[in-house]
Amino acid sequence: MSDLYRIEGLRVDLPLPGDLLSALLPIRRPRLTILDQIDLAIAPGETFGLVGESGSGKTTLARTMLGLAAPAAGRLVFRGADLTGRAAWAGLRRGSAMMFQDPVGSLSPRMRVGALVTEPLIIAGRPIADRAAEAQRLLARVGLPPGLAGRYPHELSGGQARRVCVARALALDPALIIADEPTAGLDVSIQGEILNLMADLGRDQGVGFLVITHNLAVIRHSADRIGILYLGRLVETGPAAQVFARPAHPYTASLIASEPNPDPRRRRADLAIRGEIPSLLRRPAGCPFHTRCPIAVAKCRSIDPGPRAVAPGRMVRCHLAEDIPQPRNPAEEHSR
Amino acid sequence: MTAPLLDVRGLSLSYGPVRALRGVSIDARAGEIIGIVGESGCGKSTLASALIGLPAPGATVAGEVRIAGEDFLALPEARRREWRGARVAMVFQDPMTSFNPVLTLGDQLVDFQHRSPVPRAEKRARAAAILARVGLPDPDLALRRHIHELSGGMRQRAAIAAALLMRPMLLVADEPTTALDVTMEAQIIHLLRELRAEHQGAIVVITHHLGVIGELCDRVYVMYAGEVVEEGTVDEIYHSPRHPYTRALIDCDPAHIDGPAGRLPTIPGRLPDLTGTLRGCAFQPRCPRAGPRCLALAPPRVAFGPTQAAFCHEAGR
Ligand SMILES: Nc1ncnc2c1ncn2[C@@H]1O[C@H](COP(=O)(O)OP(=O)(O)O)[C@@H](O)[C@H]1O
Ligand SMILES: Nc1ncnc2c1ncn2[C@@H]1O[C@H](COP(=O)(O)OP(=O)(O)O)[C@@H](O)[C@H]1O
Ligand code: SF4
Ligand SMILES: [Mg+2]
Ligand SMILES: [Mg+2]
């Protein structure tokens, strides 16, 4: 009810990339299911981390949430309003903003920072009494000094340029910002700067975030809740701290275990996960993860596990969620 | 101790006014995996280009890059070309760089062996064998494929196969896992570890990712603004870093922080301008420990035991 954005039973089909002939002929091209059975809710001021390897459907989900791709089934609800008619979508457009991948590359090199951060207001036709004052207000919200308003993008550090992108996203005072790989290409020394800023905006200014990433480390310390996407399905959702401490899906556990550890005393000897993600064209029968799962049993190959609650607020799609090997205690591992 | 297989002494490289490398000295012994780590712009890829004797056109290079005792940079280009492949080979962040998109993988892997006197069929068999070795599921089929027909992880495996084909003494890998998802990254790390056991030479892994260093390397060089600021075994660097930059870099790594952190640490400021002369320590404007000497004098090399050293006025205090 009080959800900022809610998704129920979403399915998204996209046309298969066809050859020239099929593009010319007026036949409907076959469509491929990219996302299926997606249920997800983001609360006001919450940071939700959506994790998945490339091709899992993260960007498609973001585009669908913003009305840039059409759902084949399911419900999208923004601030209590079903996103069906034009009025509802207009409300979503007013209340949300998107930060695409490589936002810095999309900053016009010939515009000064002050003009860049207020540009979304101009584009939206929103009247501003004092553009310079508005620029100062936005720079302050992202912790940039007022003097930066006169600079050009190439005169900014990597962290400052990203902050300018966040300021642009904030220009129309959205309740929800969808950020696709917000720290991609950033050095670790400034990655924290952007993640801290998003946490502050959530906590102090009530902005909700959907942070999309293929990098678990990015959301480990900044997301309130996370969802793990595999072949277009959410295989696990729950509070970030709980999921990291006790993953319920073998895929989540494998992802956590695959993260390279900077501590050479905690080197892992075996591989967390073998093989590659299967093609969407050849989605495995039964559990879509069974081809790579280290604990799969016979029923995993034939029966698709439905979603089930394993704890309050925690959902998992796995027949064997109770049996999955937990991340080993690194201290024990070292002493062996 | 055997003489180092790779011995780089006082290497400097400038792109016009940009002094991208300033007096870099590193070495690697046979069987070793050494890591080069630092933020973007620190000069890691520039160092890689010098290690394979392929600096960007117009770059000014000074210093020595000795491989098995011979100074690679002093050789005429024709000899360098012979060395590439046989003595030193490179794996790039983008595996497409290693291949021609219009040729099949098999034709290229045969081509790469053009200096070998064996018959073509044997070269093809060797190509298939090495593809199998790096974990391509159906090597004979893969030989008939073009590079873009492979997945990202398989492309990087193929690039590693191409690099190892002529059994180079030195393998240089510049950000080999940066473009990959975490599960593919883990597989490539695992593969490089296995190969190190068979490969008689040395491997230089260049990365901005401390996790890759921790999982893979024996020794590490930390670079900042075109200089090596600290060197040591991977354990020394991670567990007792002596340079404030190394310390700060480790502190920022989210994987270093156990449990919810609240706020993530950062390194305020930015890399110095690499044009013109740098006075004192290059890290001084961002350094929490900087004192008056750091502003005026180039930092001394301070050794901590036989394997660790930091270039810092404050490191020994
Ligand atoms: N416009 C499109 N038409 C057809 N297939 C698409 C389109 N966009 C993406 N896909 C496919 O959908 C899947 C998910 O893509 P995407 O949402 O971009 O994943 P991610 O962002 O997680 O990498 C991929 O297999 C991709 O090839
Ligand atoms: N071909 C080139 N021409 C001019 N400047 C370059 C060139 N290649 C790199 N640089 C500059 O040299 C410095 C080091 O770059 P690079 O070696 O790519 O660092 P890293 O790999 O650590 O990110 C940077 O300031 C970069 O802009
Ligand atoms: S359902 Fe089976 S195959 Fe799927 S994740 Fe769980 S154990 Fe693995
Ligand atoms: Mg994407
Ligand atoms: Mg580089």
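Which residues surround ligand 1? The list is A:Leu14, A:Pro15, A:Ile34, A:Glu53, A:Ser54, A:Gly55, A:Ser56, A:Gly57, A:Lys58, A:Thr59, A:Thr60 and A:Leu280. A residue is near a molecule if one of its heavy atoms lies within 4 Å of it.

Some ground rules. This is a predicted model, where local features need pLDDT of at least 70, side-chain atom pairs count only at pLDDT 80 or more, and totals for chains, interfaces and linings use all residues. Residues are numbered from 1 along each chain as its sequence is written, chains are lettered from A and ligands numbered from 1 in the order in which they are written, and side-chain values use heavy atoms, with hydrogens and water left out.

Back to ligand 1. Here are its polar contacts, meaning pairs of N or O atoms within 3.5 Å. One ligand oxygen sits 2.7 Å from a polar backbone atom of A:Gly55. For A:Ser56, a polar backbone atom is 3.3 Å from an oxygen of ligand 1. A:Thr59 uses its side chain: an N or O atom there is 2.8 Å from a ligand oxygen. Taken alone, ligand 1 exposes 570 Å², and the protein buries 60% of that. Those areas come from the Shrake-Rupley method with a 1.4 Å probe.

Which elements give two or more residues to this shell? They are strand S1 (5-15) and helix H2 (58-65) of chain A. H2(A) has the largest share, with 3 residues. Helices here are DSSP runs of H or I, at least four residues, and strands are runs of E, at least two, numbered from the N terminus. By type, the shell holds 4 nonpolar, 6 polar and 2 charged residues. Ala, Val, Leu, Ile, Met, Phe, Trp, Tyr, Cys and Pro count as nonpolar, Asp, Glu, Lys and Arg as charged, and the others, Gly among them, as polar.

Now ligand 2, on chain B. Its surroundings include B:Tyr15, B:Ala20, B:Glu39, B:Ala56 and B:Leu274. Oxygen atoms of ligand 2 meet polar backbone atoms of B:Gly43 at 3.0 Å, of B:Lys44 at 2.8 Å and of B:Ser45 at 2.8 Å. On its own, ligand 2 has 560 Å² of accessible area, and the protein covers 60% of it. Helix H1 (residues 44-51) of chain B supplies the largest share of the shell, 3 residues. The shell splits into 5 nonpolar, 5 polar and 2 charged.

Last, helix packing. In chain A, H6 (residues 158-170) and H7 (residues 188-205) pack at about 25 degrees, axes 9 Å apart. That makes H6(A) roughly parallel to H7(A). In chain B, H4 (residues 120-133) and H6 (residues 152-164) pack at about 130 degrees, with axes 9 Å apart. H4(B) and H6(B) are therefore oblique to each other. Axes are lines fitted to C-alpha atoms over the stretch in contact, and angles run from 0 to 180 degrees between N-to-C directions. Under 35 degrees counts as roughly parallel, over 145 as roughly antiparallel, 65 to 115 as roughly perpendicular, and the rest as oblique.

Terms used
A polar contact is a pair of N or O atoms within 3.5 Å; within protein, one must be able to donate a hydrogen and the other to accept it, and residues adjacent in sequence count only if both atoms are side-chain atoms.
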